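Welcome, and please take a moment to look over the structure below. The report after it walks through how parts of the structure meet.

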Amino acid sequence: MACNLFFYQHIRKFSLILFCSFLALQVFFQLKTEYIKPNLYIVPPVPNDKLVDVASLGDKEFYFRILALKIQNAGDTFGRFPPLKDYDYEKLYQWFTFLDTLNDKSSIIPFLASFHFSQTQNKPDTIHMARYLDNYASRNIDEYWWWMYQAVAIAQFTLEDFDLALKLAYKLSENKNDNAPLWTKQYPAFVHLKLNDSCSAFFIVNQILQDYDSGKVKFKEKELDFLHYFITHRLNKLESEKFDPRKCKSGAK
Amino acid sequence: MKTILKYILLTAIRDKLYLGILFLLAAAFGISSILGNTLATEKVATSIVYIAGSARIIFAVGMILFTCFYVRKSFDNKEVEFILSKAVSRNQLIISYLLGFSVVALFILIPIGLALFLINANLIGLAFWLMSIFFEIFILISVAVLSSLILKSAVTSILATLGFYILSRMMAFFVLTVDLPTKMIDFNNITASLDSLLKLMSFIFPRLDLFAHSNMLIYGINDYQFIIITCVQSLIYIPLLAFMSFSDFNKKQF
C-alpha cells in the first residue's frame with residue numbers, strides 16, 4: 001500500500017526520467033548509426049531480367065517507360081548533376097540491352113545513346129554507345145539505318161576509330177530502305193577517303209553509278225546533284241594526286 | 001433488379017469515394033502528361049502509357065474500395081435484410097450488385113477513354129484496351145463482392161481483394177517459376193512443396209497479367225491471341241466467382 005502510494009506520488013518524476021533516458025539513448029543510437037548512408041550511385045544496378053514479370057505486374061510497356069525515364073535522369077538526384085565522364089558506361093550498356101528486351105520498337109534508348117550519353121567528356125567511353133547502337137540497328141538495318149549511322153558517327157568523329165567506323169559504314173550501306181538517302185550507300189567511301197584509300201572509295205562510287213545505270217537503284221535529283229559534286233570535287237583532288245584507277249585491285253574493301 | 005441497379009448508381013454519384021476516383025484520375029492525367037514530356041523523345045507515347053498505367057491502378061484500387069465498403073455498409077445498416085424482405089431473391093441481389101458495380105465502372109471508363117483518345121492513342125488498340133480493362137475490373141468487382149460476403153470486416157475484404165489482384169498480376173512469374181528446370185534450383189522438400197503451391201495457385205488465380213497491356217495503345221494490336229485469352233478468361237472466371245457468391249450467400253443466416 002505504501003509502495004503504491006509512493007509510486008503514484010512520484011509517477012510524473014519517473015516518467016520524466018524515463019523519457020529523458022530514452023531520448024538520450026535515441027541520440028546515442030543516432031550518433032553510432034549516422035555513418036550508414038544511402039548509396040548515391042550514378043547509374044543504378046541493372047534490374048534482374050527474371051524478375052521483370054513480378055516488377056512489371058504484367059504491363060512491360062509501362063515498366064519500360066518508367067525505367068527509361070529513370071535511366072535518362074540517372075545520377076541527377078539529391079541535387080546532384082554529375083558530369084557524364086563519371087558515369088559507368090559498361091553498366092549503361094547493360095541497362096540499354098536490358099531495356100531492349102522490354103521494348104525493341106521504341107527509339108527512346110537509341111536516342112539517349114546517340115544524343116545524350118555520347119556527349120561524355122571521356123571519349124573512349126562512347127565505344128559502349130557505338131556497340132549498343134550497332135547491336136540495336138543490326139537487328140533490322142532497313143528500318144534502323146539511322147541508328148547505324150549514329151554508331152558510325154560516334155566511331156568516326158568521337159572515337160576517331162576509322163577501322164570501326166568503316167566496319168559500321170559497310171553495315172549501313174547494306175540497307176535496302178527506299179527512303180534512306182544515297183549517302184548511306186556512299187558512306188564507306190567517305191571513311192575510305194579518311195583512311196587515304198582512294199581505290200576503295202573509287203570502287204564504291206563506281207559501283208553506285210553502275211547500279212544507277214542498270215536501274216538497280218533510283219536517285220532523287222538532289223542526291224544526283226550531291227553525287228555529281230562529290231565526284232567533281234574528288235576528281236580534282238585525284239588528278240592532283242595523279243591517281244590511276246587502273247593500278248587499283250578490283251573489289252578493294 | 002432495375003431498382004437496385006438505379007440505387008447503386010445513385011449512391012455512387014453521392015459517394016465521395018466514387019467522386020474521389022474521378023478526381024484522382026484527373027490528377028494522374030496531369031502528372032502523367034508532365035512526366036511523359038520530360039522524356040527526351042516519344043513524349044506523347046510515354047504520356048499515353050503513363051496515363052494508362054496510373055489510371056488502371058487508381059481505377060482498380062478505387063473500385064475495390066468502393067465495392068467492399070458499399071457491400072459491408074449494406075450489411076451493417078440492415079439494407080440487405082430490407083431488400084431481401086421484398087420480392088428479390090438472394091441470387092438476384094448478387095447479380096444486381098455485379099451489374100450495378102460494372103455499370104459504375106463503365107462510367108469511369110468514359111473519361112479514361114476520352115483522355116487517351118484526345119492524346120492520339122492508337123484507335124483499335126484503345127478499343128481493345130478499354131474492353132480488356134473493363135473485364136479486368138469486372139473480375140475484381142466479383143472478387144470484392146465475394147470477399148465482402150465471406151469476411152465480416154470491410155478492411156479485411158479490401159486487403160484480401162488487393163492481395164488477390166497483386167498475385168493475379170504476378171501470375172506470369174509464378175508460371176515461369178513452376179516451369180524452371182529442377183537443375184536450376186536447389187531442389188529439396190521445401191522447394192518441391194513451394195513448387196506445388198505455386199502450381200496450385202496458378203490453377204486458381206486468373207491470368208490478369210495478360211490483361212490491358214499498354215503497348216497496344218501505341219503500336220496497335222499485333223497479336224489477337226491476347227484479346228481471345230482475355231475474353232475467355234473473363235467468361236470463365238466471372239461466372240465462377242458469381243456462383244461462389246450465390247453458394248455463400250444462400251447459406252448465410254440473418
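## Where the chains and helices meet

The contact between the two chains takes 21 residues from chain A and 27 residues from chain B, contact meaning heavy atoms within 4.5 Å. This is a predicted model, in which local features need pLDDT of at least 70 and side-chain atom pairs count only at pLDDT 80 or more, while totals for chains, interfaces and linings use all residues. Residues are numbered from 1 along each chain as its sequence is written, chains are lettered from A and ligands numbered from 1 in the order in which they are written, and side-chain values use heavy atoms, with hydrogens and water left out.

About 2,100 Å² is buried between chain A and chain B, and carbon and sulfur atoms give 64% of that area. Buried area here is the accessible area (1.4 Å probe) that two parts lose on being put together, summed over both. Of the area that chain A buries against chain B, 28% comes from Leu57(A), Phe62(A) and Arg65(A), more than from any other three residues.

Between chain A and chain B there are two salt bridges, a salt bridge being a side-chain nitrogen of Lys or Arg within 4 Å of a carboxyl oxygen of Asp or Glu. One of them joins Arg65(A) to Glu42(B), with the closest N and O atoms 3.2 Å apart. Glu42(B) sits in the loop between α2 (16-37) and α3 (43-76) of chain B, and its phi is near 50°, a positive value in a residue other than glycine. Asn120(B) has a positive phi too, near 70°, and belongs to the loop between α5 (90-118) and α6 (123-150) of chain B. For background, most residues other than glycine have a negative phi.

Now to the helices of chain A. Helices (H or I, at least four residues) are DSSP runs, numbered from the N terminus. Axes are lines fitted to C-alpha atoms over the stretch in contact, and angles run from 0 to 180 degrees between N-to-C directions.

| Helix pair | Axes come within | Crossing angle |
|---|---|---|
| α7(A) (145-158) and α8(A) (162-173) | 8 Å | roughly 165° |
| α6(A) (126-138) and α7(A) | 8 Å | roughly 155° |
| α5(A) (108-116) and α7(A) | 10 Å | roughly 25° |

Angles under 35 degrees count as roughly parallel and those over 145 as roughly antiparallel. That makes α5(A) roughly parallel to α7(A), whereas α6(A) and α7(A) are roughly antiparallel. A crossing is left-handed if the near helix is turned anticlockwise from the far one by less than a right angle; α7(A) passes α8(A) in this way, as α6(A) and α7(A) cross and as α5(A) passes α7(A).

Which residues bring α7(A) and α8(A) together? Among them are Trp145(A), Met148(A) and Tyr149(A) in α7(A), and Phe162(A), Leu164(A) and Ala165(A) in α8(A). The residues of this contact of α7(A) with α8(A) divide into 12 nonpolar, one polar and one charged. Ala, Val, Leu, Ile, Met, Phe, Trp, Tyr, Cys and Pro count as nonpolar, Asp, Glu, Lys and Arg as charged, and the others, Gly among them, as polar.

Finally, Pro47(A) lies in the loop between α1 (2-33) and α2 (52-55) of chain A. Leaving aside neighbours within four places in sequence, Pro47(A) touches Tyr63(A), Leu67(A), Trp95(A) and Phe98(A). Pro47(A) and Leu67(A) are 20 residues apart along the chain, and their C-alpha atoms are separated by 9.6 Å.

Notes: Helix = DSSP H or I, 4+ residues; strand = E, 2+ residues; numbered from the N terminus. Parallel < 35°, antiparallel > 145°, perpendicular 65-115°, else oblique.
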